[in-house]
Amino acid sequence: MPILKTFPLILLLPTLASADTVFLEKDGIVAIEAESTSSRLGDWKKKTDVADFMGECHLEFTGNKPENGPPKSPLEYQFTIEKGGTYQLTLRARKRLETEREDISNDCYVSLEGDFEAAGGAPLKLLEEPTKMFGGNSDSWGWTRRLDANHKKHDPLYALKSGETYTLTIHGRSKNFNLDRILLVHKDVGLREAQKKNPREVRSGPSTSSSNFTPLTERRLTNREGRTILAKLLSKNTTTVTVLIDDRRHTLEISTLSDEDQEFLKEWSPEKP
């Protein structure tokens, strides 16, 4: 663990976004956690059972059938662009299969509202209305990258303007589709590079008014060598503690931590941050 200065224990404010929160483009990428919405979740359920998710959880759609269904339970995300140009949408997703079929539980609907034009992929009408977007893996997280309208495939490319604010809406389509993160990527960055980098979300405005989560405890944990790192505590058992470090999950052996941290963890529980 890198060496960091030690600071006192603090409590994080709830991390779901409020209605006034706007996500910011940084270095050509808009990054958003799926759970960072003030919308009612409806048929979307918070889950933590797919390994290597980012943020505090991922969302699984539980409505409709695994094959398909009408748009349900819209999730809204507002974002602002500083660097205008062509952006491509991609979602970090996973399909939870209940049968041997690989072509189900793998899609949602997406639509964008605001002052933009089509950028050479899908027609403007398809970008403005709920349109099927598919992708993801069955055994791990993958990425969606294409739209499907009447069995015709399109790249989700948007000509976005500097200084404009947009609203992205994601509706549930097929049961057991899991959503972890949302990226909008400028053409200068490149889609694969952005997916590999997968940066943390950047937001403006308050983020405290509509959380469905218990606030997480944030603590600087110190190991036996005296090195400390800032972590958000998620859960524990008798020998390990599971934490978020830079929005990624890690499991630490409690015995490797300082005596002070071990004493703290004896009393700490997720229900009492």
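Buried denotes a relative accessible area under 20%, exposed over 50% and partly exposed the range in between (1.4 Å probe, protein chains only). By this definition Cys 57 is buried, with a relative accessible area of 1%. The structure is a predicted model, in which local features need pLDDT of at least 70 and side-chain atom pairs count only at pLDDT 80 or more, while totals for chains, interfaces and linings use all residues. Residues are numbered from 1 along each chain as its sequence is written, and side-chain values use heavy atoms, with hydrogens and water left out.

**Figure 1. Overview of the protein chain.** The chain holds 3 helices and 20 strands; helices (H or I, at least four residues) and strands (E, at least two) are DSSP runs numbered from the N terminus. Of its 273 residues, 51% are buried. Contact means heavy atoms within 4.5 Å. Among contacts with a separation of 6 or more, 71% are between residues 24 or more positions apart.

Figure 2. Cys 108 is buried, at a relative accessible area of 0%. A disulfide is a covalent bond between the sulfur atoms of two cysteines. With the criterion of a pair of cysteine sulfur atoms within 2.5 Å, the count is 0 disulfides.

Figure 3. Rings of Phe, Tyr and Trp (its six-membered ring) pair if their centres lie within 6.5 Å; planes under 30 degrees apart count as stacked, over 60 as edge-to-face and the rest as tilted. The whole structure contains 4 aromatic pairs. In one of them, the ring centres of Phe 116 and Tyr 166 are 6.3 Å apart and the planes stand at 70°, so the arrangement is edge-to-face. Because Phe 116 belongs to strand S9 (residues 116-118) and Tyr 166 to strand S14 (residues 165-172), the pair ties together parts 50 residues apart in sequence. Phe 116 is buried, at 3% relative accessible area, as is Tyr 166, at 0%. Ring pairs join Phe 79, Phe 116, Tyr 158 and Tyr 166 in a cluster.

**Figure 4. Nonpolar cores.** A nonpolar core is a set of buried Ala, Val, Leu, Ile, Met, Phe, Trp, Tyr and Cys residues joined through side-chain atoms within 4.5 Å. The largest has 36 residues, and those with the most contacts inside it are Trp 44, Phe 79, Leu 89, Leu 91, Leu 160 and Ile 170. A second, separate core of 12 residues includes Leu 221, Ile 229, Val 241 and Trp 268. Beyond residues up to four places away in sequence, Phe 79 touches several residues, among them Val 22, Leu 112, Leu 160 and Tyr 166.

Figure 5. In H3 (residues 259-267), the buried residues are Asp 261, Gln 262 and Leu 265. Viewed down the helix axis, these fall within an arc of 100°, taken from the directions from the axis to the C-beta atoms, so they line one face of the helix. They pack against strands S17 (217-222), S18 (228-236) and S19 (240-245).

**Figure 6. Arg 219 over the ring of Phe 264.** The charged end of Arg 219 sits over this ring, 4.1 Å from its centre. The criterion is NZ of Lys or CZ of Arg within 6 Å of the ring centre and within 35 degrees of the ring normal.
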